Amino acid sequence: MSKLFPVQEIGSLAKPKWRTKGLRQPLSAQDLSEAEEWAEKLGIEDFHDRAKNILKTIDDKTRTKEILELSTLYGLRLFETADVDNEGVGGEQQRVEMYEHVIKAVHGMNLLGHVHSFDYKYFNKGVAESKVSRKRPIYAPEFLDVKRYAHRAVKVPITGPYTLVDWSFSGYYIKKQHDSSPKARKNEAKREFLLDIVEQVVRPEIRDLISAGASWIQIDEPAVTTHPEPQEMELFVEAWNETVRGFSCKFSDHTCYPSEIGYKVLAEYAPKLDKCDQLALEFANRDTSRLGVDGSSREGYTDLKHFVDAGFTGEFGLGVAHVHDFTGSVSSDAGHVVGRDLIESPELVRDRLLFATNIVGDPAKIWANPDCGLRTRTWDISLTKLANVAKGAELARETYS
Amino acid sequence: MSPEIQLAGIHPRSEKLIELTRSYERAKTSWGQVEFQLEQETRELIKLQKSLGFGYLSDGALAWQDQLRPITRSLKGVESGTRYSRWFDTNTFYQKPIVVGEISAGEIDPKNFLQTKLLAGEKNWKITLPGPYTFSQLSENKYYEKYPDLLVDVAVAEREIIKKLRNEGVSLLQLSEPCLVYQPYRETFRDESEVELALKAIRSVVENNPGQFVIQTYFGDASRIFSELLDLPVRGIGIDLFETDVSSLSERTSKTLVLGAVDSRESYVESPQWIADTARKLSEQVDVQDLVFASNSDLKFVPQGVANQKLEALSKASELFKGSR
């Protein structure tokens, strides 16, 4: 893309109530009132015809398909309305969430129950009960809808193999091991499980996506910075390189919320990742909310230097918008707070992009994006934040015109 | 005598309690309903421990939101903030304590630590707390110029908290010190002088009642500092069997050795025979007289059903161990 500072989405949008409810039960006209309101905002011209179909459909499977298709269309139009250049898959409306969505489509995996993540947040953790393999295409059906409706470039975010394995229990793979050391058994089980997930699940999926026309796949690997030990990082690199081997497609990595030394460790290994054209990373979360292109104002972005120093020469997807609850202070020209949300001003986005450009040395290597998916924000907030990211990118572009 | 079995930290919530807490967060359930279920599950867990022959009973800390929070909320000079950090290399997070002033014990409400009402009438209560070194390591220091000053103040404040908990009836305290053996969040691993500093802080916490403390290490290899740990004036030392190179342990000790013999980060339930055999080999190797079987850390990393099966495996292993002596 020749435009400087193109804007991309990074993953999920919140799922509207009608989408969630409609997958469980038939909807009423009242249930679709929110959809009608957004249809006007997003220019969904055939909303009434689609709504009529959804309301009259008795068959659950058909209704589910229609609702998923419609919510994907809404997600894509929301990104287009915000002037996002690459609109992903419309906010991952067809997925439960990044982990469960995949695990449910894998033979040999069983969701064992919920474990604590933090506060009152939990996740349903899977266990490998036998050798894993793919039951059915995981992302390809969604991609076909996206391809049909997207007006702009798309990329397909997929959950990376290292994260899938790290967030699961190894079960079957541990039982197979014979080493006398429990630690050695765990390590060997993890490697075997990981390489099976790559070969039996992720590579077939990538093959299907590329056959269907996907030209950019974003591999989400939030777990990679969890284990900074060399052995684990080498394992991640081995799995990545095996994942992308032989495919002709743009690949990018998305990693966020690392441990304190996470980015430094990832930076060391990033140059070893084959075909990794872009690293899309979270930064806004750790930055100040005041304007400026000096190191103190932009303290959240200094870790970028590790990647440059380590020799990573690809693009950076720069997290310039916070995606979680915000409780800090913000100077009036850098944004404003609405409830629990920070709305970054275009000027703040601009300064973040310009500071990053100074570190990276080439504006053509910087994309603008939120830190992560916006699934915890309302659509109103997501639209406003993304629109400001797009305006901020335009301001940054003006600096180079 | 068969080895004692103990809980070693936070026990997982049931699916029912999980659903209630989620519903409470969405303002669809009252706190009263959550509390009722919490109490019921705590009772069930106490009952399970009794049925499996536990010598010390724990309430499982089912209400704790993370391993540090009750301590954080009991200290002056420490704020909770809203920043969450990863708990070592797990996929769980804790609210990072932010040190903004001189640390001292604040208002200490034992109910934030223990289900005192439900433990009343029981003789031996156990509680698990983060040790002073681990707590200070996992905090963000915005006040102290020198780290040792922070560590000393945490230790002094923790003594106050412990005093209050003892007054409530706690008779065994586990101080968890994973940072002594694993520091994935740091660029350089602690050196000998830092270990000495950490052990000094632990000594200052335990000095008046050494017989009531166990120092538990986990997620890392304890063999490298095993002899130093054995020098601590405490009742027992805990090691993680899934991380520690046990072949290199050779010291004899009269202390209790707490074996983290089931892995809290894996759902596979260890065979009681394997636990008993491993314990036997180790006890011969280090000539230890008194063993405790426990999980290597909080069992909250596995679903509750799995956690309970692991406790049963420990209980059976204890019987097998006794039978083989």
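Modeller: The largest nonpolar core holds 112 residues, and L353(A) and A368(A) have the most contacts inside it. Such a core is a set of buried Ala, Val, Leu, Ile, Met, Phe, Trp, Tyr and Cys residues joined through C-beta atoms within 7 Å. A residue is buried if 20 or more other C-beta atoms lie within 10 Å of its own, exposed if 12 or fewer, and partly exposed in between, with C-beta atoms placed from the backbone. With 9 residues, α9(A) gives the largest share of this core; helices (H or I, at least four residues) and strands (E, at least two) are DSSP runs, numbered from the N terminus.

The model is predicted: local features need pLDDT of at least 70, side-chain atom pairs count only at pLDDT 80 or more, and totals for chains, interfaces and linings use all residues. Residues are numbered from 1 along each chain as its sequence is written, while chains are lettered from A and ligands numbered from 1 in the order in which they are written.

Leaving aside residues up to four places away in sequence, A368(A) touches F5(A), V7(A), L318(A), V320(A), V349(A), L353(A), V389(A), G392(A) and A393(A); two residues are in contact if their C-beta atoms, placed from the backbone, lie within 7 Å. Another core, of 86 residues, lies apart from the largest one and includes L57(B), I161(B), F219(B) and F321(B).
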